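Comments follow as numbered points.

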Amino acid sequence: MSASLTCTSLSFTWADGTAVFDGLDVSFGPGRTGLVGVNGSGKSTLLKLLAGELTPAEGSVKAAGEIGCLPQNVTLDTALRVDQALGIAGQRAALHAIEAGDAAEEHFETVGDDWDVEERALATLGELGLGHIGLDRTVGEVSGGESVLLRLAALLLRRPDILLLDEPTNNLDLYARRRLYQAVAGWPGVLVVVSHDRELLDLVDQIAELHSGEVTWYGGNFSAYEEALAVEQDAAERMMRVAEADLRKQKRELADAQVKLARRKRYGQKMYDQKREPKIVMGNRKRAAQESAGKHRILHEERLAEARERLDEAAEAVRDDDEIRVDLPYTAVPPGRQVLTLENLHTAYHARVEGVLDLRGPERIALVGRNGAGKTTLLRTVAGELAPVSGTATAHVPLRFLPQRLDVLDDALSVAENVARFAPGATNNRIRARLARFLFRGARADQKAATLSGGERFRAALAALMLAEPAPQLLLLDEPTNNLDMASVRQLTTALESYEGALIVASHDLPFLESVGITRWLLMEGGELTGTTLEELTETA
């Protein structure tokens, strides 16, 4: 029997009364499925329901096969050995005991038929680029990106029939992403992945789009889905224009019918007043005319109601998903103007810039490199959050830094109060008007920062950055596309395209970096900053 996951009449509501699903029916079979949808559509919630981490209010989730799940935020005990994190420590110890001559029955029971578990573990680590860490080191000795791959390695060793991945490429460097892509491309069973990573979604066999609590299926990868959606929307917009034209026509015909009815009534009254025909004849004629006119009016009113219904149906088919509207302040930097100077800079954690590095005019610099190479440390030093060990980092224009952890927000304050901290001169009305562009309307602006999702935290932090005084002429962004849906990434890209200041962005998302018009690529490797090209990066990854 092939593996599958089936949801039947699934309903789920959060404790605050927010309904996510109401009678959802969906099934996932063999193959790779990309689960997509805007932030807040319920993708991660559905994955948790599928994995059994959440319990539905009504309905059921049935799995044919074992489930393995890679959550969005991977946390592993740093004191664990690698073999413990992989779940093979007991089998490994039993194998070593048998090899040492201990023939106790419990050792053979522990090993079972898995005599090559150690070799398989090392091979799996090697396939994911983790061959160098071995099985006896502790989790605390590996980087954050490596711990994600380590959790994936544990799943691959278990060989579950069904694999669920929630934003698996968040915080993975370019090299680790390539390893993950290879693992996904070779997955033989049922795989459901939630991601905003375009390259990853182009490896799937079909797309399941979650929209308004329902799932719609599209064959092919994400690129094919986008093309199909564009065709659908073109057709829906044409149908809406036809329905609008029909509605206008029916309104005109109803108005004409009412004018004709009024004329007939006036004519009939005139004939009655002049008594040109016998009273009984004129009465019958008047009643007949009124009945005919009434039927005519009712017919046109029914046609008008049908036209309105067709327009409503057409309008529902046209997407109007909420998207953030980013309007960056006018912050032009003239070509040649000195923006930033780094001179013989040595930072904490051993990142360094030898000699002098100048940033001039509206340059756009991509800062790339492996996890733990020192990119974030360099940005924090430039932003003034960390003091350099030696050398200098001098900003010649106002700058703002949007950190990866989004810790610019005070969790105890509301969204509006957080933004007000960065713009003490702005009125409450101005702050709320700006927040509405970031989808924090009305009571949503009064939400505490601690209650926000990853995408919401980004929007709130970006709003604070945009409204800050003075307006930034140098933007420092650290992994800005993490936790953003495709629509929000597009909006951020559009905003950065129109931004006329200087930009330094640390990211592993190559399609995003290409889209914002990078003019210089800098690679942080072995703690040292050197120039590189997109072609070199792609080849080495």
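1. Helices (H or I, at least four residues) and strands (E, at least two) are DSSP runs, numbered from the N terminus. Ser212 sits in the loop between β8 (206-211) and β9 (214-219). Its phi is near 55°, positive in a residue other than glycine. Ser212 is exposed because its relative accessible area is 66% (buried is under 20%, exposed over 50%, partly exposed in between; 1.4 Å probe, protein chains only).

2. This is a predicted model: local features need pLDDT of at least 70, side-chain atom pairs count only at pLDDT 80 or more, and totals for chains, interfaces and linings use all residues. Residues are numbered from 1 along each chain as its sequence is written, and side-chain values use heavy atoms, leaving out hydrogens and water.

3. Arg159 also has a phi near 55°, a positive value in a non-glycine residue. Its loop runs between α6 (144-158) and β6 (162-166). With 53% relative accessibility, Arg159 counts as exposed.

4. Arg248, Lys249, Arg252 and Arg303 form a positive surface patch (residues with over 30% relative accessible area and no salt bridge, like charges joined within 9 Å; a salt bridge is a side-chain nitrogen of Lys or Arg within 4 Å of a carboxyl oxygen of Asp or Glu). Helix α9 (residues 222-274) gives the largest share, 3 residues. Lys249 lies in α9 and is partly exposed, at 40%.

5. Glu302, Glu306, Glu309, Asp312 and Glu313 make up a negative surface patch. Glu306 belongs to helix α10 (residues 279-317). Its relative accessibility is 44%, so Glu306 counts as partly exposed.

How values were computed: Patches are made of residues with over 30% relative accessible area and no salt bridge: like charges are joined within 9 Å, nonpolar side chains (Val, Leu, Ile, Met, Phe, Trp, Tyr) within 5 Å. Accessible areas come from the Shrake-Rupley method with a 1.4 Å probe; for residues, only the protein chains shown count as cover. Lys and Arg count as positive and Asp and Glu as negative; His and the chain ends are not counted. The place of a charge is taken as NZ of Lys, CZ of Arg, CG of Asp or CD of Glu.
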